[in-house]
Amino acid sequence: MQKNYDLVIVGGGPAGLAAAEAARKNGIENMIILERDKELGGILNQCIHNGFGLHTFKEELTGPEYAQRFIDRVKELDIPYKLNTMVMDISEDKKVTIMNREEGLQVLQARAVILAMGCRERPRGALNIPGGRPAGIYSAGTAQRLVNMEGFMPGREVVILGSGDIGLIMARRMTLEGAKVKVVAELMPYSGGLKRNIVQCLDDFGIPLKLSHTVIDIDGKDRVKGITLAQVDGRGKPIPGTEEYYSCDTLLLSVGLIPENELSKEAGVELSAVTSGPVVNESLETNIPGVFACGNVLHVHDLVDFVSEEAAAAGKNAAKYILGNTDTDSGEKVIPIIPTSGVRYTVPANIRVEKMEEQLKVRFRVGAVYSKCYVSVYLDEERIIHRKRPVMAPGEMEEILLKKEQLQEHEGLAQITVKIEEA
């Protein structure tokens, strides 16, 4: 049985909800949100700490409060959604195969699709940590769900590997629940999390952060008894003689997030080697016309407010596509944005000047810690932006604004380059 929709949104987290709201407000009636969990809101439901919504609502909210505001908007706008529904496949011609317990297998034919599946944690198998496989090793997000939603305490003596935001937040959360967090170890010479989280989650509780350290052994047969940390050199190899043993019953892994892009890949969407998310243009459209991507499935964000802002743009652009407000011209010029000299990637990766808004926000991350430097943007050889930055770090997303008028004035534009230049 096949049903037809103008727009199918895959994912009912913050990205999917904001995209749905924007699409409806831009004239799309026949649409649906597909969510595999038993409720809307995505990962925000387990993020009970505050710090959300400062940009979007100009007040500090918890994750569930932030999600609820968007859920309420979706319900007010009468946007339909299916819960407990797995998307099995998305084809290039935008046929979305779904499965749930009530309706079995169904095929939805969409005119446009928005990918908003979020991201997942990198597992232990990706780390090559030697030692046994005892109980007590969790990803930080799994531990967060156990504590905040299921009411279970993973352990009492904790070591955390990785200083991403979830790891930092769980250091504080476990401490507040009565556990002793002995150390947070980070392989890189810098933290992967926001500066404010290092201060509020580690410094305020006296939890040590050991940079350039990693776990080289896990002790224990049935349950973790302890772990061995060692300092690493510039190539990430353990330095002999720097080993330290910590007794613990729990090891939490906060070692990076990966966009959930199995569906995208099977659909034929081109993925970035750097972000593992889709390569998109100024409309957040992938290489498949009518398939858009936003939120953490596109690239991992540090603030959910930016996810909502990006998703709203995806919803608006999908609506334009469906309503035929964008003329598809195979001869239109696509200008690549080249990240170089410390800039790891940009979103979008390319733009069509005629299709962009009057101002386009380009987001990017740097590959190392920089101090007293400049973010520079070149149109071919002409530098148009040279902005001083006191400090830049991989854990904090950066952004620049490109103006349509400026790009149009530059005749024969071949490429845009974004780079870091020393002061």
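In which order do the strands of the open sheet stand, and is their pairing parallel or antiparallel? The five strands follow the order 8-15-9-10-11, with parallel pairing. This is a predicted model, in which local features need pLDDT of at least 70, side-chain atom pairs count only at pLDDT 80 or more, and totals for chains, interfaces and linings use all residues. Residues are numbered from 1 along each chain as its sequence is written, and side-chain values use heavy atoms, leaving out hydrogens and water.

**Sheet**
- Strands (E, at least two residues) and helices (H or I, at least four) are DSSP runs, numbered from the N terminus.
- Two strands pair if DSSP finds at least two bridges between them.
- Strand 8 (137-139) and strand 11 (209-211) are at the edges with a single partner strand each, so one side of each has no neighbour in the sheet.
- From one strand to the next, the twist averages 20 degrees.
- Strand 8 and strand 15 (residues 250-253) run parallel and are joined by three bridges.
- Ser139 is opposite Leu253 of strand 15.

**Helices**
- Helix 3 (residues 140-150) lies across strand 8 and strand 15, at about 90 degrees to strand 8.
- Axes are lines fitted to C-alpha atoms, for helices over the stretch in contact (heavy atoms within 4.5 Å), and angles run from 0 to 180 degrees between N-to-C directions.
- The axes of helix 3 and helix 4 (residues 165-176) come within 9 Å and cross at roughly 35 degrees.
- Residues making this contact include Ala140 and Val147 of helix 3 and Ile166 and Arg173 of helix 4.
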